[in-house]
Every structure is written in C-alpha cells, then in structure tokens.
Amino acid sequence: MKFHSTKNTSYQVSFEEAVFKSLPPDNGLFYPNALPKLESYWLENLKGMSKTEIGLKVASQFIEDEIPADSLERIVEETIDFDIPLKKVSNQIAALELFHGPTWAFKDVGARFLSRCMAYFIEQSNREITILVATSGDTGGAVAAGFFGIPGIQVKILYPKGKVSEIQRKQLTTWGDNITAYEVAGTFDDCQRLVKQSFLDDDLNKAMSLSSANSINIARLIPQSFYYFYAIQQSESAHNVISVPSGNYGNLTAGLWAWSMGLPIDRFIAASNENHVVPEYLRTGIYTPSASVQTYANAMDVGAPSNFVRMLELFGRDHVKMTQQISGFKLGDAEILKTMISCQEEHNYLLDPHGAIGYQALLNSLSDHEQGIFLETAHPVKFLDVVDKAFKSRQDFSEKINSFEGKKEAFQALPIDFESFKEALMA
Ligand SMILES: *Cc1c(COP(=O)(O)O)cnc(C)c1O
C-alpha cells in the first residue's frame, strides 16, 4: 500500500519511505491510500485468535509484501510481548490496560513496532542510522526501551533539565549501549529546536543518516490499532463504546482505523483535559487550535493536536459524519482528582490522571444497553505527584520504583546552543 500526504494526495510513498521520512516535505502527515476492509468471517472469529495473529493480519494490510510475512510476524510478536488485559472496573465499565510494557505507558507499543520495522529495513540495505528525539517525558523512555540493543541504530534523546519526573528521567538515562541521553539546560521547545536544526545542518547530514521517531510516524500508529481488536476480543458485549484519553489524537485515530476496517465499535469518546479543541470542534464544527495549558494529565497537554488532520481525512472533512461516530468530553484538574478518589473508593481501582478522564467520560454518557471501555494509557506510578495529591495514603509502588536500583544514570549535560549539540553528536 502507498501512503500519501494529507496536504497533497499525489505525493505518494512506500511504507518504508513513510517510516524513514516520518513527515512528507510539505508538512502534511502520511495517510494510507485506502484503509483496508477485513473480511467479516475473519472478524467473527476474533475470540479464538492470538494477539500475534490479529496484529499480523492488521499490519500486513498496510505493509503488504514490503516486509515478508515471517519477519513481520516476528516484529508483531516482539512488539506485543506483554499483557494487554481488559479489566472489569464496574458492571458497565472496563479498563483496557496498556501499561504492562517496559516503560508503563501505551507508547511502548508504537515505539517497539517502529524500531523493529526500521531495523528490518536497514538490515536489508546495510545502513546505519541515528535517531534524534526530543521528549517532554513519556515518548523518550518508550523510544529508548524500544530501540535499546537494536543493531545499526544509534538513538540520541534530548530532555529538558528538571522538567521530567524522576521516574521518567531514569527511564531515559539508565540504558547505555546505543542509547545516549542529553540533558538540555532549557525547555522541551529548546530540545525540539535543536532536533529540527540538526535535520537542516549540512555537516551533520554528511556525517550520519538522521531519522526521527516522533509520534506521528505511521509505524507508530498502525500497531496502536491492534489493541482495539484485543479490547473487543475480550469484551462480552456487542455494544461497545470506547473512551480514549487524548492529546495528540494518535490513539483515537488508530481506533478509528480499526473501526473503519470493520471492527464492531458502536461509538468513540474523545476524552480531553482543559486542552479541549477537538471536543469543541465536535460540538461546534469550528476548529480553533490554541496554545496548550498545563494540567494534571500532562501527557495530553496539546493545544494543536497533529493527528486531527488524519481524523478529518477519515471522515472526508464532514463534521456531521464525525459527530455520528465520536462525541467529545472534557474534565478539569479538580474533577480528575475527584474521579480518581471515587473510583478507588467505589471499585478499588486506582486510575492514573489520564485514564480518569476516560473513565469519567463513560460514567457521564453510557446508556443502559452499552458497555464502556476506556484506555488506561499509563500506570499511575508515572504520575505519583498527582496520585499523592488525590490520596493521603496510597498503595505501595516500591517494586516499580526500586526496579531502577543498581542501574547507573548516565547523561551528557548540554547548554541550549546548537554548536554544542552538534559537537556532541560528531564526537
Ligand atoms: C501520549 C499519552 C496520551 C495521549 O495520547 P495521544 O495519542 O497523543 O492522544 C495519553 N495518556 C498518556 C499516559 C500518554 O503518554
């Protein structure tokens, strides 16, 4: 299958090119030329299939013979070699727990698939590449874990000093081998600027083959649609509503692709924090991106979500069609804490701040015949400061926290000027 730019349908590339380019030169996003349709007999037999079987079927619709079936099967198997259980929270609501991977958030799934697809392609052509990533928290750790030990790929991660949580920093700095962490004396925007400038620098581009692993890469999105199939596979209801805590809207887009392929999902909820431009669009038909505001669900603090153009493309830019399949919801910080408390008290289930928004959206909107599923996008241990705001005492996370014990942190401190970063890369 070919992929086109959302800004120019005649600009088309292969899966391999879409993976290594990440973005088309016109700054659109890559989009599949035709979303596949899965046969109904296959969909009806979902319950009997393994996670790998399902993932292979879905991925091969997009990738076709660019990666042979046996290699693709191994890539899928390695991508999802952890549990993705649907856990009952109440009679009508269940959590799809996406945090059982190495860095305890759903971003592991996309990062692991992307790294292995890249590894496959560079092995075919005997290349070596260097991946640059700027991170404000979750993405960098997932990318580091996903690419750790992969031959032929060096990974350079830039994070802002003092602006990531302690656990997040350890998930960036304790790898070694092909992973290098740079602690930049600036903000996330400074880190991102250094990365962007690197891609434009002649000396660097002569010295190494640079690539990116950012969240809009098509190879991160495709595997995220697998777990919607796992959710439906584990659900006992025929009328499922899926609530997706959203920031950049990659997760929701992947869910819409699964639905479009034929997976029976009645409707979706775009669950947001105070950064609610998409729920506003759903309500009014007017899209007004804005600067992001900081919230307790900080992985969703996005004011201009990149994947919104992919959602528009899926519905042919038809507002009414989109509202038939998706409704919007938003929750403020104080309510996030209240929801975490009430869910713990009533159902003995500890939500993270992002999952709390997804859960509350279902409470507010389910009708009697519907079953609600929300994506629990990260483990609460990643957001301990918020958990500690909600609860005077909480369960013991020492097992997770202590898992870094004995691991040495290593990073290179950098000022925010480009020349220093360039020197470090060339060294
Ligand atoms: C990245 C992230 C989100 C937002 O996902 P999008 O695909 O960007 O909408 C939600 N929750 C957590 C924990 C995340 O890390």
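View 1. An oxygen atom of the ligand lies 3.1 Å from a polar backbone atom of Gly250. An oxygen atom of the ligand is likewise placed 2.9 Å from a polar backbone atom of Asn251, and for Gly247 the corresponding distance to a ligand oxygen is 2.7 Å. A polar contact is a pair of N or O atoms within 3.5 Å; within protein, one must be able to donate a hydrogen and the other to accept it, and residues adjacent in sequence count only if both atoms are side-chain atoms. Of the 380 Å² of accessible area that the ligand has on its own, the protein covers 95% (Shrake-Rupley method, 1.4 Å probe; for residues, only the protein chains shown count as cover). The model is predicted: local features need pLDDT of at least 70 and side-chain atom pairs count only at pLDDT 80 or more, while totals for chains, interfaces and linings use all residues. Residues are numbered from 1 along each chain as its sequence is written, and side-chain values use heavy atoms, with hydrogens and water left out.

**View 2. The residue shell around the ligand.** Among the 15 residues around the ligand, those that come nearest are Lys107, Asp138, Gly247, Asn248 and Tyr249; a residue is near if one of its heavy atoms lies within 4 Å of the molecule or strand. The shell comprises six nonpolar, seven polar and two charged residues. Ala, Val, Leu, Ile, Met, Phe, Trp, Tyr, Cys and Pro count as nonpolar, Asp, Glu, Lys and Arg as charged, and the others, Gly among them, as polar.

View 3. Asp352 occupies the loop between helix H16 (333–347) and helix H17 (353–365); helices (H or I, at least four residues) and strands (E, at least two) are DSSP runs, numbered from the N terminus. Asp352 is buried, at a relative accessible area of 0%, where buried means under 20%, exposed over 50% and partly exposed in between (1.4 Å probe, protein chains only). A polar side-chain atom of Asp352 is 2.7 Å from the backbone nitrogen of Gly355. Beyond four places in sequence, Asp352 touches Glu376, Thr377, Ala378, His379, Pro380 and Phe383, contact being heavy atoms within 4.5 Å.

**View 4. The surroundings of Thr377.** Thr377 sits in the loop between strand E13 (371–376) and helix H18 (384–390). With 6% relative accessibility, Thr377 counts as buried. Apart from neighbours within four places in sequence, the contacts of Thr377 include Asn251, Asp352 and Gly355.
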